Every structure is written in structure tokens, then in C-alpha cells.
Amino acid sequence: MITLCFFDHESTTWQQRKLKALSDGFQFTSPIWIDLSEASSEEELHVMQKLAIAPTMLEDFTRQRHPPKFEAQDDFSLLILRGYADPDFSELTESAQVNVLFSRDILISKIQCHDPILASQLQPQLAEKKNATVSDWVKQVILAVSASYLGKLLIFEDELSELEDVMLQKGDDELMSTMMRYRSVLRKVSRNLAYQKDIFAEASYEELHPMSKMFLSTDVRDFYEKFERLHSMTDMYYDQLSDLVHGYMSTTSHQINERMKVLTMVSTIFIPLTFIAGIYGMNFANMPELMYKNGYFIALIVMFFVGLGSLIWFKFKNWW
């Protein structure tokens, strides 16, 4: 199903028409918004052919999954963005893909999102005013995509602080597993934000960039700064989690080394004692020491001083 919206100057309200109106050549007053989020592939193809969209741009627009990108051909420009659709950073099930194809008078959008609340936020907001423009709608979509990350990153900052406190006081393997999941999600989020940041960075620094025809330079710069900050925050949180993981691994390794040190000292003490006991436990007939009246007590005393001497040596070396 296709939703086609336009502003009716007579009623001063936004009106909707069916796909047949586009086929009949109905004269709309600009701007026009065509929503293809619920459209079939046949309906998408019909709209694209009616508006003479380039085949390469059509292919990118209709793909189910596509990295963020910006492309301009003839009168239309294609902008593909990805919002964050999950409630938190514990897992990344699916990104909200926003495909926007626009000219000065026409906006075609396709939102792929499993969260209906976020999907409605990513749609252009139909303002009850005559001077609404396509660039205003696209700007709303870009800001909504950046907001889908910002709110969750700010909440995650508090969660990360609590996680760090718990980790320093009583870290365990379950917390370690949680941090590893967070790192995996943040790495994927950082990749999406890097793509989107580069889109607006290129548009911000090129004077003749096609995006400058639709937006003011201050707006393009604002888009870049928003995604650049989001990308920096994501990388910063990823680095903090990495530091916690490395700190936990170092602490665990140190604890293992301390246990191994104790076991090594115990083994070192008992190795010579076992050696003495093994010598005099062989029971050969021609062992003169076996005939000593106090041989048993002498052996015990020797073993005692050997063990005590080992402990004193370890203390001298500051092993304990």
C-alpha cells in the first residue's frame, strides 16, 4: 500500500490520495510525500517508473539492507540512513533502515523498522502550514535518526558507570560476558555511525556538493556534528568497556599467579622432603643408616630444618 500526501491550499490541510491518482496524472501542489514503507515491489516499481528514477538509484532504494550512503543523479537524490531500533545495547537485532529519495518537490520514503514507535518517529512530520518543504522533511528524518542513538547512548552512560563500579568491587564471569556483548553491539553501532558521519563530512567540506542545493551550509554542518559526536561517544564507551575487560583479565591473571605462587612454594618445600623419605624408604639390606637407633628422629629433624629453611628463603625473597 502506498500513502501519498500533499497540501491542499483550499482546505489548508494535508490530504491523502491513492496510487491511482498518481497514475491518472492528478495535479498536486508541491511538496508531495510518497510513503512506500508498506508498498509491494510492484507498487515501488510503478512509482519509480512514473517518476523516471535512474535504475541504479532504484536498485539501491529497493534493497532490504544497504550501508548508509548518499547519491545524486539528475533531479533526485538518494539518502540511506540507519537508526538504532533496539531498546538498549545488550543486543543488536536489526537496525532501522531509512531510505529517502527526494527532489525539490517530491519526497519518497521507505522505513524498515521492527519498532512501530521508532518507525513513526522516523517518518516526515506533516506540519499544518503552507510553507513546508521537502528539505524540512528530510531534515526531520535526519534528526530523528540521530536522536534514535543519542537517547540510548545517554542512558548507557549511566549503566556503564554502574557496571564499572560493580566490576571494580566484585567482578565475575557473568559481568565479563555482559561487557563483551556490549562491546560487540557498540562496534557495530560505531560502524553505522562512521558511514553516516562520512556522508555529511563530505557534504560539509565540498562547496559544490549536491546536498548543498537542498540544505543550508549550517544545517549540513549541524548534521555532521551530530553524527560525529555520536560516533565519538560510541568509540569512547567501547574503549571504556575494553579497559574494564582488560582490567578484569589482568586481575584474574594476577589472582591465578598468586595461587600458583603458593602451590609452587608448597611443592618446593615438599620435594626435598619427599626425596629424603624416598631414599630411606627403599629398604635395601645394605643401608647402614637403617640400623641407627635414632635414625627415624634424625630424619624427621633434618626434614623439619629443610622445610623451615625453605620458608625462610622464600621470606627473604619476599615471596610471602
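I take a nonpolar core to be a set of buried Ala, Val, Leu, Ile, Met, Phe, Trp, Tyr and Cys residues joined through side-chain atoms within 4.5 Å.

Entry 1. I am working on a predicted model, in which local features need pLDDT of at least 70 and side-chain atom pairs count only at pLDDT 80 or more, while totals for chains, interfaces and linings use all residues. I number residues from 1 along each chain as its sequence is written, and side-chain values use heavy atoms, with hydrogens and water left out.

**Entry 2. Nonpolar core.** I looked up which residues of the largest nonpolar core touch the most other members. Of its 59 residues, these are Phe89, Phe102, Val138, Ile142 and Phe200. Strands E5 (76-83), E6 (96-102) and E7 (106-112) each supply at least two residues of this core, as do helices H4 (116-122), H5, H6 (173-205) and H7. H5 gives the largest share, 13 residues. I take helices (H or I, at least four residues) and strands (E, at least two) as DSSP runs, numbered from the N terminus. In soluble globular proteins, nonpolar side chains tend to be buried together.

**Entry 3. Salt bridges.** I searched the whole structure and recorded 6 salt bridges, each being a side-chain nitrogen of Lys or Arg within 4 Å of a carboxyl oxygen of Asp or Glu. For accessibility I use buried for under 20% relative accessible area, exposed for over 50%, and partly exposed in between (1.4 Å probe, protein chains only).

In helix H7 (residues 217-279), Arg221 and Glu225 lie 4 residues apart, about one turn of the helix. Their side chains meet in a salt bridge at 3.5 Å, N to O. Arg221 is partly exposed at 30% relative accessibility, and Glu225 is partly exposed at 31%.

I found a further pair in helix H7, Lys261 and Glu258, 3 residues apart, about one turn of the helix. The closest N and O atoms of this salt bridge are 3.8 Å apart. Lys261 counts as partly exposed at 28%, and Glu258 counts as partly exposed at 33%.

Salt bridges that share partners join Asp60, Lys69 and Glu71 into one network. Within it, Lys69 and Glu71 form a salt bridge with closest N and O atoms 2.9 Å apart. Are these two partners buried or partly exposed? Lys69 is partly exposed, with a relative accessible area of 21%, whereas Glu71 counts as buried at 14%.

**Entry 4. Negative patch.** I noted a patch of negative charge on the surface, made up of Glu157, Asp158, Glu159, Glu162, Glu164, Asp165, Asp239 and Asp243. Patch residues have over 30% relative accessible area and no salt bridge; like charges are joined within 9 Å, and nonpolar side chains (Val, Leu, Ile, Met, Phe, Trp, Tyr) within 5 Å. Accessible areas come from the Shrake-Rupley method with a 1.4 Å probe. Helix H5 (134-170) and H7 each supply at least two residues of the patch, and H5 contributes the largest share, 6 residues. Asp165 lies in helix H5 and is partly exposed, with a relative accessible area of 43%.

**Entry 5. Backbone at Ala52.** Most residues other than glycine have a negative phi. I recorded that Ala52 has a positive phi of about 55 degrees although it is not a glycine. Ala52 lies in the loop between helix H2 (41-50) and helix H3 (55-62), and is exposed, with a relative accessible area of 61%.

Key
Lys and Arg count as positive and Asp and Glu as negative; His and the chain ends are not counted. The place of a charge is taken as NZ of Lys, CZ of Arg, CG of Asp or CD of Glu.
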